[in-house]
Amino acid sequence: MRKTAPTVIAGLVSLVCFAPPLVASAAADQRDCGSREICFWTGSTHVGKPQWRWEPSNGRLELPGSLKYKVGAFQANTKGCFYGGGETRVVNGGDFRVKYTNDFGSRIDSVGPC
């Protein structure tokens with residue numbers, strides 16, 4: 001056991017030191033969303049630039065085809081309403097979701113002010 005402990009410790013050190021910063025990347029991408037915007041991703045996380053952005057001054061808009069019924073994640077930095085399937089969901093500044101396609105993300109067809 002004594003001989004394996006240094007190997008395990010070395011493995012953990014290299015994992016911590018050389019692993020890609022996945023959490024930092026997602027946080028950096030969320031910051032790409034403006035202070036008065038709701039940003040949308042087709043993927044189930046906030047990785048990468050948002051595919052589409054909405055702000056209250058736009059009024060109610062239909063989501064583009066790539067996101068309609070396929071919102072995988074969102075970041076809300078302002079209040080807005082998601083519409084789909086006869087339902088309305090209110091989101092407030094600071095709200096976000098990942099893996100949203102398995103929830104209301106599969107029903108959203110438009111977004112607008114509440």
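**Ground rules.** I number residues from 1 along each chain as its sequence is written, and I use heavy atoms for side-chain values, leaving out hydrogens and water. As the model is predicted, local features need pLDDT of at least 70 and side-chain atom pairs count only at pLDDT 80 or more, while totals for chains, interfaces and linings use all residues.

**Disulfides.** I looked for cysteine sulfur atoms within 2.5 Å of each other, the cut-off for a disulfide. I found two disulfides. In sequence order of the bonded cysteines, the pairing reads 1-2, 3-4.

I took cysteine 33 and cysteine 39 to begin with; their S to S distance is 2.2 Å. The angle about this S-S bond is 100°, and the link is right-handed. Both cysteine 33 and cysteine 39 are buried (buried is under 20% relative accessible area, exposed over 50%, partly exposed in between, with a 1.4 Å probe and protein chains only).

I then checked cysteine 81 and cysteine 114, whose sulfur atoms sit 2.0 Å apart. Cysteine 81 belongs to strand β5 (residues 80-84) and cysteine 114 to the segment after β8 (110-112), so the bond ties together parts 33 residues apart in sequence. Helices (H or I, at least four residues) and strands (E, at least two) are DSSP runs, numbered from the N terminus. The torsion about this S-S bond is about 120°, so this disulfide is right-handed. Cysteine 81 is buried at 4% relative accessible area, whereas cysteine 114 is exposed at 55%.

**Histidine 46.** I located histidine 46 in the loop between β1 (38-41) and β2 (52-54). Histidine 46 is buried, with 2% relative accessible area. A polar atom of its side chain lies 3.0 Å from the backbone oxygen of phenylalanine 74.

**Salt bridges.** I counted seven salt bridges, each a side-chain nitrogen of Lys or Arg within 4 Å of a carboxyl oxygen of Asp or Glu.

Aspartate 32 pairs with lysine 49, closest N and O atoms 3.4 Å apart. Aspartate 32 is in the loop between α2 (22-30) and β1, and lysine 49 in the loop between β1 and β2, so this pair ties together parts 17 residues apart in sequence. Aspartate 32 is partly exposed at 25%; lysine 49 is exposed at 56%.

I also noted a salt-bridge network of Glu87, Arg89, Arg97, Asp103 and Arg107.

How values were computed
Polar contact = N/O pair within 3.5 Å; in protein donor to acceptor, adjacent residues only side chain to side chain.
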